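Student: I'm new to this one. Could you walk me through how to read a few of its features?

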Amino acid sequence: MSDELSIDEMRAEVNEHGVLDIDQAEELLSRLEQAEQAVARVREKHSPVPARYYGTDLNPHRKFDCDGCGEGSPWPCSNIRALDGDTRG
Ligand SMILES: [Zn+2]
């Protein structure tokens, strides 16, 4: 089992002591960096590409498809919307 503190435990630590110790702060920054890199990888994978046949009878309205989800999947896809805070799925 990891001895890593959860975010809630770190929050409790800050509330109790007013600060994190340097090891906790370093760990928090490392975890933040990893989370930011994970989000960037998802955003890169699910980037917009021009939709085929946009503006024609075959595709009158969908300007972009999601590169990660594939042709015909509108961008922003549910992955990008979730990253942007949309909880509707
Ligand atoms: Zn996608």
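Predicted model: local features only at pLDDT ≥ 70, side-chain atom pairs only at ≥ 80, totals over all residues.

Student: Is Q24 buried or exposed?

Tutor: The general idea is a cut-off: a residue counts as buried when its relative accessible area is under 20%. Q24 has a relative accessible area of 11%, so Q24 is buried.

Student: Which residues does Q24 touch, leaving out those up to four places away in sequence?

Tutor: With those set aside, Q24 touches L5, M10 and E13.

Student: And how is the protein chain divided into domains?

Tutor: The domain assignment gives domain 1 as 1-45 and domain 2 as 47-89. Their C-alpha centres lie 32 Å apart. Five residues from domain 1 and seven residues from domain 2 make up the contact.

Student: How much area do domain 1 and domain 2 bury between them?

Tutor: About 500 Å², with 55% of it on carbon and sulfur atoms. On the domain 1 side, V42, R43 and K45 lose the most area to domain 2, together 83% of what that side buries.

Student: How many salt bridges cross the interface of domain 1 and domain 2?

Tutor: To call one, look for a side-chain nitrogen of Lys or Arg within 4 Å of a carboxyl oxygen of Asp or Glu. The rule finds one across this interface. R43 forms a salt bridge with D84, and their closest N and O atoms are 2.7 Å apart.

Student: What about polar contacts between domain 1 and domain 2?

Tutor: The count is five residue pairs, with both residues at pLDDT 80 or more. As for the side of domain 1 that touches domain 2, its residues are two nonpolar, no polar and three charged.

Conventions: Residues numbered from 1 in each chain as written. Heavy atoms only, no water. Domains from an automatic or database assignment. Contact = heavy atoms within 4.5 Å. Buried area = accessible area lost by both parts, 1.4 Å probe. Polar contact = N/O pair within 3.5 Å; in protein donor to acceptor, adjacent residues only side chain to side chain. Nonpolar A, V, L, I, M, F, W, Y, C, P; charged D, E, K, R; others polar. Buried < 20%, exposed > 50% of the residue type's maximum accessible area, 1.4 Å probe, protein only.
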